[in-house]
Amino acid sequence: MSLLAEMNQKALGLGIPLSVHLDVTYRCNERCVHCYLDHDDHGEMTTVEIKDILNQLSDAGVFFLTLSGGEVLMRRDFFEIVEHARRLLFNVKLKTNGVMIREAEARRIRELGVEQVQISVYSHRPEIHDAITKLPGSLKRTIEAIRFLKSQGLKVVIANVLMAGNFFDNTGVMALANELGVSYTLDPTITPKMDGDTSVLALRIPGSDLKQVFRSSELVGNVEEFCAPPPAPDDDIMDGLPCSAGHTACYISPYGDVFPCVQFPLPSGNLRRQKFSDIWQNSPQLKDVRSIRARDLPTCSTCAHVGTCTRCPGLAYMEGNMRGASSADCEKSFQRTGIPSANMLLKAPVVGPLIQIQAAV
Amino acid sequence: MIAEKYIARSSAIAARLIGGEMMIMSAVDSTFFTLNEVATVIWQAADGRTPLADIVVNRICPEFEVDAEQAGRDAEQFVSELSQHGILLVSETPITPEVR
């Protein structure tokens, strides 16, 4: 077990939130077609409020802090927030579109000791990337930002969200990442909007394309291993936790709302009314999330994929039941292995006559 | 006998005390460390102003009931290892916050 895995285990045992994702704003200079956020400012936390929350997170034992948005640099006090976070010795990662990062900003990010900067790139072709962000010239600005950050010696990761509209460009983006000397990560997950609107799900890539992604050794490594049928579940799997959401991680919105994860919009408290430690330790919602084990899942516990599925309880929650299946993950498991999930079989159309009539004897 | 030596925590790190153990990650090369309880006390006392010898005599020996000579040697080794990764700064004179 790695040192980091050991500390994760320790944090889990002690009930310490090792990782927090804090969105400092929902405002953004891009209008990405797949975005799940409302970009209007409904009363973001002030600098003072955010600094106070960072103090509380430090006291609670948070080590990994991801600052994201919206676009983080839309906040004029962004560097003041990062400076405070670094003074508290958080391991800080940033998520940004990079459009507002020039040489001076890149230098400041390096001086502050930021661990990693993740930047969204949707295509290597401006006409595709800019059509997704709806900001003309955004790919050019983003690539320039990556070069500025790299020249400062910072670790940069390109995050490539896959949609029907940019599916064929993932190899181009990967080549761009290689050329720039940065890491590449691909994500085929499109999530419903935070208000429950599911219209953006139409942008998801179809299952057959997903299958193609999972057969790419460049993306998944050993294809045979990655796509192998799932092993039979044992007690360790059935007693296992779905993910770190609510256990060693949580999400905080720009309005101080606390959720188990950025992809799990179950309101669990608000930092304008309660202390973080109170929410983390006593929230009934977080306690409910923590109580879930694989064997408690009504459908998924009977599924062949229970031990290997990437089932997201947040996506399941958005489908109506945090203990239910997440259809997007069912699709992934199916396209990976060719074996339908229990949820898919349950929903499969019944083959047979609609009415059976038995003649009177 | 420990040579006069001052130690200070680098600012290019992330650190948190988790259940009595200090976890530290270098922002320079992402190397990850965990310190045991003794090393954690030295780390926390590394303010750039207190000589390492004083930290050993006044903090380590009474708290962990260890021999001063052995504790001194262990502390020297620990400081040397961490300084090689740039997460602890070492000097023969007090270290001001500006140089961290």
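Guide: In this predicted model, 14 residues of chain B are in contact with 14 residues of chain A. On the chain B side, the elements that each give two or more residues are β2 (13-18), β3 (21-26) and β4 (32-35). The largest share comes from β2(B), with five residues. By class, the chain B side has nine nonpolar residues, four polar and one charged.

The loop between β3 and β4 of chain B holds Ser30(B). Ser30(B) is not a glycine, yet has a positive phi of about 60°. Most residues other than glycine have a negative phi. Ser30(B) counts as exposed because 12 other C-beta atoms lie within 10 Å, and 12 or fewer is the cut-off.

Next come two helices of chain B. Helix α1 (residues 37-45) of chain B packs against helix α2 (residues 52-64) of chain B at an angle of about 150°, and their axes are 10 Å apart. Angles over 145 degrees count as roughly antiparallel, so α1(B) is roughly antiparallel to α2(B). The crossing of α1(B) past α2(B) is right-handed. From α1(B), the residues in this contact are Val38(B), Val41(B), Ile42(B) and Ala45(B). They meet Ile55(B), Arg59(B), Ile60(B), Glu63(B) and Phe64(B) of α2(B). Seven of the residues in the contact are nonpolar, none is polar and two are charged.

Glu65(B) lies in the loop between α2 and α3 (68-84) of chain B. Glu65(B) also is not a glycine and has a positive phi, of about 50°. With 8 other C-beta atoms within 10 Å, Glu65(B) is exposed.

Helix α8 (residues 207-214) of chain A and helix α15 (residues 327-337) of chain A pack at an angle of about 60°, with axes 8 Å apart. That angle makes α8(A) oblique to α15(A). The crossing of this pair is right-handed. Gly207(A), Leu210(A), Lys211(A) and Phe214(A) of α8(A) meet Glu331(A), Lys332(A), Gln335(A) and Arg336(A) of α15(A). The contact of α8(A) with α15(A) has two nonpolar, two polar and four charged residues.

The largest nonpolar core has 108 residues, and Leu65(A) and Leu149(A) have the most contacts inside it. Helix α6 (residues 138-151) of chain A gives the most to this core, six residues. In soluble globular proteins, nonpolar side chains tend to be buried together. Leaving out residues up to four places away in sequence, Leu65(A) touches Val20(A), Leu22(A), Ala85(A), Phe90(A), Asn91(A) and Val92(A).

A last stop is Asn170(A), in helix α7 (residues 170-180) of chain A. Asn170(A) has 24 other C-beta atoms within 10 Å, and 20 or more make a residue buried, so Asn170(A) is buried. Beyond its neighbours within four places in sequence, Asn170(A) is in contact with Asn160(A), Leu162(A) and Leu186(A). Arg141(A) is 29 residues from Asn170(A) along the chain, and their C-alpha atoms are separated by 19 Å.

Terms used
Residues are numbered from 1 along each chain as its sequence is written. Chains are lettered from A and ligands numbered from 1 in the order in which they are written. This is a predicted model: local features need pLDDT of at least 70, side-chain atom pairs count only at pLDDT 80 or more; totals for chains, interfaces and linings use all residues. Two residues are in contact if their C-beta atoms, placed from the backbone, lie within 7 Å. Helices (H or I, at least four residues) and strands (E, at least two) are DSSP runs, numbered from the N terminus. Ala, Val, Leu, Ile, Met, Phe, Trp, Tyr, Cys and Pro count as nonpolar, Asp, Glu, Lys and Arg as charged, and the others, Gly among them, as polar. A nonpolar core is a set of buried Ala, Val, Leu, Ile, Met, Phe, Trp, Tyr and Cys residues joined through C-beta atoms within 7 Å. Axes are lines fitted to C-alpha atoms, for helices over the stretch in contact, and angles run from 0 to 180 degrees between N-to-C directions. Angles under 35 degrees count as roughly parallel, over 145 as roughly antiparallel, 65 to 115 as roughly perpendicular and the rest as oblique. A crossing is left-handed if the near helix is turned anticlockwise from the far one by less than a right angle, and right-handed if clockwise.
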